[in-house]
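Colleague: I'm new to this one, and I'd like to know what stands behind the words you use for it. Can I ask as we go?

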2 protein chains.
Amino acid sequence: MARPAYSQEQKLEIETSIRETALKLFSQEGYRSVSLRAIAREMELSATALYRYFDNKDALLAAIRAEGFQQLREQLNTVRNNAASGLEAAREGIIGYISFGLEKPELYSLMYELDQRDFEETPLVFESRRRAFAEAEAIAKDMLKEGGQTGNANQMAHLFWISAHGLVALAVANQLDLGQDLDQLIEPVLQSTLLGITHSQGD
Amino acid sequence: MARPAYSQEQKLEIETSIRETALKLFSQEGYRSVSLRAIAREMELSATALYRYFDNKDALLAAIRAEGFQQLREQLNTVRNNAASGLEAAREGIIGYISFGLEKPELYSLMYELDQRDFEETPLVFESRRRAFAEAEAIAKDMLKEGGQTGNANQMAHLFWISAHGLVALAVANQLDLGQDLDQLIEPVLQSTLLGITHSQGD
DNA sequence: GTGTTAAAGTAACATCGTTAACTTAACGGG
DNA sequence: CCCGTTAAGTTAACGATGTTACTTTAACAC
């Protein structure tokens, strides 16, 4: 036999490092504008060396997106574990989602990049996003259990997700025609969403 | 002097024809996968001839997106002119927006394509989208005038837009974890949004 | 006809993602 | 100690792409 040479951890470290470098460059110049050669140059590697860690450029993007959704999931999970009540978890969850998107707008944009031909072709991303959404569903279930009410947790989570994504997606793409400050829009969105969620419990 | 050879209308016809061919191919295979040569082949033209009508590939995409927003604007404008009341206009407007997106998912995806480096770099698209949004604002103003209430029409329109875009963007990207039919989600989103809009009037 | 000019085509360039072939270096077994 | 093996990385090359420079074609004014 021969050498493993790199431990599993070392390999993961390099993988992470590539992801981070790529994210940095993608954020600065956009996915299409950044070549594998540019990423490799930044890492002081040859372009082809990257293929040891990712199948191709799209797979690298997929890894970044999956990582983004995992971060979002952790954010929501933390909220759920720390909230005093189900309603507060919903409120803080929405705020957490929005904060996540607004604080990392470039990552968020990449996460929801549409050009990717069909989401299902990247099971890694699909699954990671699904898990993040499951946290929102869990929060909704907490709310229902707490209120002793019957309702559709999946639907409540969708109302949550749709509002938060709608706001963030438009905001990070600079597609809001605000006569006011963005912060002043967040509160109404939050209120409106919570109103919708609590009123939909009877369904 | 020499010949104009193509009238203004002829030129616009060709431009439209290029847009339509490109949209067809983009819808089938995605923006990145479709080359100018492929579009040109479909039109029985050389690739470089396209440059007479569009500065580059991105400008062609921008034209398609702008056209999409104009269609959306027309849809909303029609609703506004035909609605019996402000509230009904809001309801029908949201439904109209969602229908537009779900009926032309590929066009909608292109319209909100994020990779485009900064929205403001494409004034054509920016302006077209702004005009579409202005229709939503007009509907909100109608509601306020009708109800004799004071309120923030811009904010109401944003609540409208955020909900509709949130739902459609996730739906067309296949990012909804529906335990149910998509149609069953539209009604709650509609109700929730209308609730939010009417309750935000006091702000 | 001839010159002019819009419209389209041809050829070429740099760059891209990706593959194949090669080099380097570290480990185990004799 | 050396040698086969194999992971890691490099070099070279391919086909395709967006785009530009240059050339050809064809219709109008005179």
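Predicted model: local features only at pLDDT ≥ 70, side-chain atom pairs only at ≥ 80, totals over all residues.

Colleague: What makes A:E44 count as exposed?

Modeller: It comes down to a neighbour count. A:E44 has 7 C-beta neighbours inside 10 Å, and a residue is called exposed at 12 or fewer, so A:E44 counts as exposed.

Colleague: What is there to say about the phi of A:E44?

Modeller: The phi is positive, about 55°, although A:E44 is not a glycine. In chain B, B:E44 is found in the loop between α2 and α3, and has a positive phi of about 60°, again without being a glycine.

Colleague: Why is B:Y53 called partly exposed?

Modeller: B:Y53 has 18 other C-beta atoms within 10 Å. Buried needs 20 or more and exposed needs 12 or fewer, so B:Y53 falls in between and is partly exposed.

Colleague: Where does B:Y53 sit, and what does B:Y53 touch?

Modeller: B:Y53 is in the loop between α2 (36-43) and α3 of chain B. Leaving out residues up to four places away in sequence, B:Y53 touches B:I14, B:E15 and B:I18. Take B:E15: B:Y53 and B:E15 are 38 residues apart in sequence, but their C-alpha atoms are 6.1 Å apart in space.

Colleague: Let me step back to the whole chain. Which elements does chain A have?

Modeller: Chain A has 8 helices and 0 strands, so along the sequence the pattern reads α-α-α-α-α-α-α-α. The C-alpha atoms of chain A fill a box of roughly 60 × 50 × 30 Å along the principal axes. Of the 203 residues in chain A, 37% are buried. Among contacts in chain A with a separation of 6 or more, 70% are between residues 24 or more positions apart.

Colleague: Now the helix pairs. Why are α3(B) and α4(B) called roughly antiparallel?

Modeller: The axes of α3 (residues 57-82) and α4 (residues 86-103) of chain B cross at roughly 155° and come within 9 Å. Angles over 145 degrees count as roughly antiparallel, so α3(B) and α4(B) get that label. Their crossing is right-handed.

Colleague: Which residues of α3(B) and α4(B) meet there?

Modeller: From α3(B) there are B:L72, B:Q75, B:L76, B:V79 and B:R80, and they meet B:A89, B:E92, B:G93, B:G96, B:Y97 and B:F100 in α4(B). By class, that contact has 6 nonpolar, 3 polar and 2 charged residues.

Colleague: How do you know that α7(B) and α8(B) are roughly antiparallel to each other?

Modeller: By the angle again. The axes of α7 (residues 153-172) and α8 (residues 182-199) of chain B come within 9 Å and cross at roughly 165°. The limit is over 145 degrees, so α7(B) and α8(B) are roughly antiparallel. This crossing is right-handed too.

Colleague: What makes the contact of α7(B) with α8(B), residue by residue?

Modeller: On α7(B) it is B:M156, B:L159, B:F160, B:S163, B:L167 and B:A171, and on α8(B) it is B:L182, B:V189, B:T193, B:G196 and B:I197. The classes are 8 nonpolar, 3 polar and no charged residues.

Colleague: How do you know how chain A and chain B are related?

Modeller: A rotation of 180° with 0.0 Å of shift along its axis superposes chain A on chain B, with an RMSD of 0.1 Å. The two copies are thus related as by a two-fold rotation axis. In chain A, the C-alpha nearest that axis belongs to A:G166, 1.9 Å away.

Colleague: Why do you say the copies meet through the same surface?

Modeller: Because 100% of the interface residues of chain A are also interface residues in chain B. In numbers, 41 residues of chain A are in contact with 41 residues of chain B. On chain A's side, α6 (123-147), α7 (153-172) and α8 (182-199) each supply at least two residues, and α7(A) gives the most, with 11 residues. That side of chain A divides into 16 nonpolar, 15 polar and 10 charged residues.

Key: Residues numbered from 1 in each chain as written. Chains lettered and ligands numbered in written order. Contact = placed C-beta atoms within 7 Å. Helix = DSSP H or I, 4+ residues; strand = E, 2+ residues; numbered from the N terminus. Nonpolar A, V, L, I, M, F, W, Y, C, P; charged D, E, K, R; others polar. Axes fitted to C-alpha atoms, helices over the stretch in contact; angles between N-to-C directions. Parallel < 35°, antiparallel > 145°, perpendicular 65-115°, else oblique. Left-handed = near helix turned anticlockwise from the far one by under 90°. Least-squares fit on C-alpha atoms with pLDDT ≥ 70 in both.
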